[in-house]
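Dear colleague,

Please find the structure below for your review. My findings follow it.

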Amino acid sequence: MASQDWLEKDFYKVLGVDSEVSEKELTKKYHKLAHKYHPDSNPGDAAAEAKFKEISEAYSVLSDKEQRAEYDQIRAMGAGGARFSAGGGGFEDMFGGFGGQNIRFGTGGGGFEDIFSMFGGGGSAHPGFGGFGGPQPGRDITATTTVDFRTAVLGDTISVTGPTGQLKVRIPAGIADGKRIKLRGKGEPSPQGGPAGNLLLTVKVRPHPVFERDGNNLRVKLPVTFTEAVFGATVEVPTLQGSPVKLKLAPHTPSGRVLRVKGRGIATKAGTGDLLAEVQIAVPAHLNSAQQEALEAFQAAEPDENPRADLLARARV
């Protein structure tokens, strides 16, 4: 699902924290809620799944410093939609209320700065300078919109709100952060009755709390216990497309080893990537007395080997 106007959502309220919450407390709160509402813990519960998506979206924004600052700034303005600011005229206007995707425009040349950018590819906007080739076309407009990670990977149709109203935009599956979509005829109207310019829409992608993009592959960090790594195990790995998949962890698997799930990455015209799960051995934070004694016994009996010996030797080369 495409992201909606940030003004319509209180991400702090969704996570049950205030706007001054620290990164550590934010992450702690998210993990608690994610565990409670995760679809695996609530099979067939549509309400829990919707809540999980809601808290994941909130965390993806608030856990990113730049996104959080932008979110706080937008909410502080108290209005939404497209923002237009004049560099020389000293005014700022807020266009909102269309209920669509938050979209920012900027101008490069006619005295407008930062937002509502128009550049020379589409020609002049002043009547009487059309030359001898017929009516001058309208100028192109550049704009930026932000979508969530899932929308960028799987594709979706979103609504964006521009100065002329709402537009439906198809986000192709697999689009990368920073890629541009051209909407023909959705730019500035021609002042002389010619064709309208184009809207050049740059797509920004919010980070995901679990997955990272690596080309057409998806990467995920996979925590395993010490005994699972030593003796081997079958473990579940989350996927972006739906239910988790099961992977066989071989005995004596070291931390940092990458397990590959074919075809569970990002699908593009050039092909489909894989899901890469990086093994991370989870160290238990709390041990009871019996567990503590068992580990101490193991420590006393383990081989007299220095796991850093090879590292230190190679560092001296």
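Glu 278 counts as partly exposed, at 24% relative accessibility (buried means under 20% relative accessible area, exposed over 50%, partly exposed in between; 1.4 Å probe, protein chains only). Glu 278 forms a salt bridge with Lys 221, the closest N and O atoms being 3.6 Å apart; the term denotes a side-chain nitrogen of Lys or Arg within 4 Å of a carboxyl oxygen of Asp or Glu. Lys 221 lies in strand 11 (residues 217–224) and Glu 278 in strand 17 (residues 275–281), so the pair ties together parts that are 57 residues apart in sequence. Helices (H or I, at least four residues) and strands (E, at least two) are DSSP runs, numbered from the N terminus.

This is a predicted model, in which local features need pLDDT of at least 70 and side-chain atom pairs count only at pLDDT 80 or more, while totals for chains, interfaces and linings use all residues. Residues are numbered from 1 along each chain as its sequence is written, and side-chain values use heavy atoms, leaving out hydrogens and water. The chain averages a pLDDT (the predictor's confidence in each residue, from 0 to 100) of 79.

Eleven salt bridges are found in the whole structure. One of them joins the side chains of Lys 9 and Glu 57 (2.9 Å, N to O). Glu 57 is buried, at 13% relative accessibility, whereas Lys 9 is partly exposed at 25%.

In helix 2, Leu 26, Tyr 30, Leu 33 and Ala 34 are buried. On the other side of helix 2, Lys 24, Lys 28, Lys 32, His 35 and Lys 36 are exposed.

Yours sincerely
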